[in-house]
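Visitor: I am new here, so please show me around one step at a time.

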Amino acid sequence: MRIHVSFIDRVGITQEVLALLGARNLNLDAVEMVPPNVYIDAPTLSPQVLEELHHALLSVRGVQAVTVVDMLPGQRRHLQLEALLAAMADPVLALDSAGRVLLANPALIALYGRDPRDEFLGQLLGDDELLAILIEQGFRLPLREVLINGQTLLLDATPITDAGALVTLYPPNRMGERLAALHHDHAEGFDSLLGESPPIRTLKTRALRVAALDAPLLIQGETGTGKELVARGCHAISARHSAPFLALNCAALPENLAESELFGYAPGAFTGAQRGGKPGLMELANQGTVFLDEIGEMSPYLQAKLLRFLNDGSFRRVGGDREVKVDVRILSATHRNLQKMVAEGTFREDLYYRLNVLSLEVPPLRERGQDILMLARYFMQQACTQIQRPLCRLAPGTYPALLGNRWPGNVRQLQNVIFRAAAICESTLVDIGDLDIAGTSVARQSDIEIDSLEQAVEGFEKALLEKLYVNYPSTRQLAARLQTSHTAIAHRLRKYGLYKDA
């Protein structure tokens, strides 16, 4: 039986309480002092003895209450800790300051094959040098790769002040999940791909079909159109959505760094390499997706290595001789014409066909019509929130310039233009002079005052039809160019007095 005695703290009261139990020849399994409380585990305490003891304890000066409890606080904490460790999917163990294992969770025991309690970490890992380094560094060490029963894991140590450390062993793809979470923008599927124009609707419809197919996907489009958003959307609605999505920009790194980032490196692969080696994105994203942006900039050597990986899912780390096999879907993107590069001999033809099993074309911003104004308003709200200023709105006079600009930098350029306008505009109404595109020929055409969105759209629509009607002199030709019906074009030509037969 376990009892809880609460009292007013005074010198000697605990000894008096324990003396009463000793006088009754009660064996005590545990006593926990948490002043002004004492918890006692006395297995031989019977209900009859407890009744008499209860009166005796209350007669001690300062004792306030005696109650029966189901367990002592320390026992409860131990059970909670064991339940917590058992619920953790990753192998976890607690070490004392000398590196001896104090506690291991079921995942670690299953991996190791037995309970390693009282063993030293060096024995468990087969690496006494690593334990010495951990102790020397106060259990503060970058992620280190270790091997247990042939399984590669990443060791993460968390020091506990003056008491050792908590060590967690992660499979590489679990770290990939953490990296992917850092870049997660909380938009699922294609929610972050804003727009309702026909080209965007067509893209979303096609993307929904190819996203579910577990095959390489090539995403093509101009710089700044949102190719990575499309790739993330495809991953989010695929069967791999719960696994990592990791990206590498092939144009951002030299060949040697790109190779080690993608495929990792073995211990001692090069001067300055992390001790124990390092897994690359392919291992970190196992069961998930790797997105290779600007694939057209990849070196011939890496093209060959990537082709081999696509053939059988295996590779060797930089400086390594062990074959690593993973299950990863490759999504790639480029703004370059890969077919032309193949013809010129600057991109491998066999790799092109392996990457281009499925394909998507992301439309440039200039072809998305009213999406431009929708995106501009969204970016304006986003920018004002970010720089903590009252919400700004775009003056109607900016509409023709926004709709008529060529946007060579596409959505990324529009976002930058809007952010700058929100930052420098002195009022909450952003006018044409606040936009970076104010000096363009389209902007200079809008000298007349614009009173409404409808008036701005009509002005832009008329100017566009006047320009294109010269080169597309029939309603059917012009309708095909603008991806609409010839009856709609005929109606607009009559509306603006442009129809040749009118």
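Guide: Let us begin with a term: a residue is buried under 20% relative accessible area, exposed over 50% and partly exposed in between, using a 1.4 Å probe and protein chains only. This is a predicted model, in which local features need pLDDT of at least 70 and side-chain atom pairs count only at pLDDT 80 or more, while totals for chains, interfaces and linings use all residues. Residues are numbered from 1 along each chain as its sequence is written, and side-chain values use heavy atoms, with hydrogens and water left out.

Visitor: How many salt bridges does a search of the whole structure find?
Guide: Side chains of opposite charge can pair when their charged atoms come close. Here a salt bridge is a side-chain nitrogen of Lys or Arg within 4 Å of a carboxyl oxygen of Asp or Glu. Searching the whole structure, the count of salt bridges comes to 19.

Visitor: By about how much are Glu228 and Arg232 separated in helix α9?
Guide: Helices (H or I, at least four residues) and strands (E, at least two) are DSSP runs, numbered from the N terminus. Glu228 is partly exposed at 29% relative accessible area, Arg232 is partly exposed at 21%, and their side chains form a salt bridge of 3.1 Å, N to O. An α-helix has 3.6 residues a turn, so residues three or four places apart point the same way. Glu228 and Arg232 are four residues apart in α9 (residues 227-236), so their separation is about one helical turn.

Visitor: How far apart in sequence are the parts that Glu283 and Arg317 tie together?
Guide: Glu283 and Arg317 are both buried, and they form a salt bridge with the closest N and O atoms 2.9 Å apart. Glu283 belongs to helix α11 (residues 281-284) and Arg317 to the loop between β13 (314-316) and β14 (323-325), so the distance in sequence between the parts they tie together is 34 residues.

Visitor: Is Gly264 buried or exposed?
Guide: Gly264 sits in the loop between α10 (255-263) and α11. Leaving aside residues up to four places away in sequence, Gly264 touches Glu259, Lys278, Pro279, Gly280, Arg317 and Val318, where contact means heavy atoms within 4.5 Å. With a relative accessibility of 0%, Gly264 counts as buried.

Visitor: Within what arc do the buried residues of α17 fall?
Guide: The buried residues of α17 are Asn410, Val411, Leu414, Val417, Ile418, Ala421 and Ala422. Their arc is that of the directions from the helix axis to the C-beta atoms. Seen down the axis, these buried residues line one face of α17, because they fall within an arc of 130 degrees.

Visitor: What covers the buried residues of α17?
Guide: The cover comes from both helices and strands. It includes α15 (371-386), β17 (393-394), α16 (399-404) and β18 (429-430).

Visitor: What is the relative accessible area of Gln388?
Guide: Most residues other than glycine have a negative phi, and most peptide bonds are trans. Gln388, in the loop between α15 and β17, has a positive phi near 55 degrees. Gln388 is exposed, with a relative accessible area of 75%.

Visitor: What is the relative accessible area of Glu294?
Guide: Glu294 also has a positive phi, near 55 degrees. Its loop runs between β12 (289-293) and α12 (300-312). Glu294 is buried, with a relative accessible area of 11%.

Visitor: About how many degrees is omega in the cis peptide bond that joins Pro35 and Pro36?
Guide: Pro36 lies in the loop between β2 and β3 (37-41). The bond joining Pro35 to Pro36 is cis, with omega at about 5 degrees.
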